[in-house]
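Okay, thanks for coming, everyone. Let me put the model up, and then we'll walk through it together.

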Amino acid sequence: MTRPDYAEKIPNNVGLAEDRRLQRALESWQPDFLSWWETMGPTLPTQDVYLRTATDVRGEGWATFGHVPMIDYRWGIFLADRNADRRIAFGRHKGEPAWQKVPGEYRAELQRLIVIQGDTEPASVEQQRNLGATAPSLYDLRNLFQVNVEEGRHLWAMVYLLHAYFGREGRAEAEELLRRNSGSADSPRILGAFNEETPDWLSFYMFTYFTDRDGKYQLGTLKESAFDPLSRTCEFMLKEEAHHMMVGTTGVDRVVERTARVMVENDTDDVAAHGAIPLPVIQKYLNFHYSVSLDLFGGETSTNVANYYTAGLKGRWLEERRKDDHQLANDSIMVDSLVDGEISQTEVMALTGLNTDLRREYIADCSGGVKRWNRILEEAGLPQRLYLPHAAFNRRVGAFAAIEASPTGEQLTPSEWDASKGQWLPTATDKAFVRSLMRPVYERGKIAAWVAPPRGAPRGGGINGQPFDYDYVHLA
Ligand SMILES: [Fe+2]
Ligand SMILES: [Fe+2]
């Protein structure tokens with residue numbers, strides 16, 4: 001492996017210094033990235049932030065902590081170590097050595113997969129850009145910025161692949177990744193959930209729980225790719241994603257914990273008057289973020305995805321742990337479908353049902369969060385529980401896009417849906433209420449009233465062994 005070199009403008013372990021052309025191409029993209037960061041990145045002015053920076057992929061090097069001005073953050077290019085013996089684990093090329101170059105026959109498809117993944121990374125930074133103005137604590141503010149700089153680095157990771165392996169077209173796509181913007185009327189981001197607003201911190205926690213978790217599963221399939229540089233890039237990105245998941249999981253934990261406490265202390269479900277977020281509102285936010293994230297997995301069946309799999313471009317979640325032939329030509333799977341207009345399931349070829357396979361893994365993972373949040377309610381002695389809505393609820397993609405259904409999976413007429421959706425999805429009133437709670441708390445060790453501090457606060461509970469009341473961010 002090439003050692004990372006920080007004397008370079010772009011820290012990397014891909015031997016950039018030995019490839020002058022590639023280095024020049026990336027160095028000419030860098031100012032565009034920085035001006036995107038300045039105009040579309042975090043709006044809250046800061047002097048510096050306690051951030052981790054990847055300076056290596058090994059040992060402690062992937063997480064070097066220190067206070068850094070965000071604009072001086074070192075967005076580097078890091079691939080997980082190469083396994084020289086790596087072989088393709090699935091599909092038509094199973095058993096052949098992994099590819100170090102892009103095979104001509106799969107060039108267009110691989111480029112498309114990289115662009116779609118790449119597009120989500122800066123999108124989330126754009127969606128979250130105003131959240132600093134209402135951070136509930138310096139600890140949360142730091143976590144937001146950590147997620148933001150790492151999504152920026154994930155964009156770098158995809159742009160590196162485009163520049164290094166896809167020539168002029170790849171460079172043009174890298175420019176487009178900065179030109180499209182979340183929610184833009186003229187040039188929106190590619191996927192729906194990445195054009196939604198993240199206007200408040202409850203949305204942010206739900207986004208990092210549900211939508212970043214979709215990212216984890218997509219990266220998991222690309223990590224299996226026969227195209228080795230993509231696989232190694234995604235492997236390292238997944239390591240960073242774990243922190244984003246933690247921010248979402250514990251963020252929702254802390255909201256639920258605070259709400260439960262206020263419910264118990266005041267012996268009421270109506271906690272809004274006490275400055276906490278009522279459980280039904282938390283459930284509505286959960287319903288929204290979960291259902292739009294389910295859409296990100298695409299239709300239940302897809303011949304494109306079947307072809308990607310057979311070609312070795314994109315595998316299954318934990319492909320190598322699956323106990324089958326990794327070619328799936330003779331297997332089948334049950335997928336969600338409408339049969340005579342009714343919510344049902346149909347048997348299809350396993351290959352065409354791969355989106356369903358991935359979504360199923362994701363759903364099982366999501367239910368883990370609900371379990372933990374319900375444990376918090378249970379420990380507080382409360383009978384209420386949160387739940388994941390039915391897969392047919394509020395869908396815009398896939399078999400159930402054509403119908404409306406309640407969170408319990410009861411099919412509804414359009415007028416029934418219109419009459420009831422305000423019970424299940426955040427209304428303008430709910431959103432306005434949540435926003436009314438969003439007042440910044442920038443004092444060390446202090447926290448907003450609608451969310452509990454992390455476990456172990458104030459002396460512990462922070463990042464990298466620091467206390468909760470550490471000076472994570474110096475505002476400008
Ligand atoms: Fe990411
Ligand atoms: Fe992420």
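So, the iron ion (ligand 1): its four donor atoms subtend angles of 80 to 166 degrees, which makes the arrangement irregular. For the cut-offs, four donors count as tetrahedral if all angles lie between 85 and 135 degrees; four count as square planar and six as octahedral if opposite donors are over 155 degrees apart and all others between 65 and 115; anything else is irregular. For reference, ideal angles at a metal are 109.5 degrees for four tetrahedral donors, and 90 or 180 degrees for six octahedral ones.

Before I go on, the housekeeping. This is a predicted model, where local features need pLDDT of at least 70 and side-chain atom pairs count only at pLDDT 80 or more, while totals for chains, interfaces and linings use all residues. Residues are numbered from 1 along each chain as its sequence is written, chains are lettered from A and ligands numbered from 1 in the order in which they are written, and side-chain values use heavy atoms, with hydrogens and water left out.

Which residues hold the iron ion (ligand 1)? E121 (OE), E151 (OE), H154 (ND1) and E241 (OE) coordinate it, at 2.0 to 2.5 Å. A donor here is an N, O or S atom within 2.8 Å of the metal (3.2 Å for Na, K and Ca), and water is not among the atoms, so sites may look incomplete. Along the chain, the donors of ligand 1 follow the spacing E-x29-E-x2-H-x86-E. E121 lies in helix α2 (residues 107–127) and H154 in helix α3, so that pair ties together parts that are 33 residues apart in sequence.

On to the packing. The largest nonpolar core has 123 residues, and those with the most contacts inside it are F210 and W450. Helix α3 (residues 138–165) gives the most to this core, 16 residues. By nonpolar core I mean a set of buried Ala, Val, Leu, Ile, Met, Phe, Trp, Tyr and Cys residues joined through side-chain atoms within 4.5 Å. What does F210 touch, leaving aside its neighbours within four places in sequence? The list is L286, H289, Y290, S293, Y362, C366, W373 and L388, where contact means heavy atoms within 4.5 Å.

C366 brings me to the cysteines. With a disulfide taken as a pair of cysteine sulfur atoms within 2.5 Å, the count comes to zero. The sulfur of C366 is 20 Å from the closest cysteine sulfur, in C234, too far for a bond. C234 is buried at 0% relative accessibility, and C366 is buried with a relative accessible area of 0%.

Strands next. Seven of the eight residues of strand β1 (residues 46–53) are buried, so β1 is largely enclosed by the rest of the structure. β1 runs antiparallel to strand β7 (residues 473–475), joined by three bridges, with D48 opposite H474. β1 also pairs with strand β2 (residues 64–68), antiparallel over five bridges, and L51 stands opposite G66 there. Pairing needs at least two DSSP bridges between the strands.

Most residues other than glycine have a negative phi, and most peptide bonds are trans. The A457 to P458 bond is cis, with omega near 5 degrees, and P458 is in the loop between α11 (428–437) and β7. H326 has a positive phi, near 60 degrees, and L328 has one of about 65 degrees. H326 sits in the loop between α8 (303–311) and β3 (332–339), and L328 is also in the loop between α8 and β3.

Note on methods
Buried < 20%, exposed > 50% of the residue type's maximum accessible area, 1.4 Å probe, protein only. Helix = DSSP H or I, 4+ residues; strand = E, 2+ residues; numbered from the N terminus.
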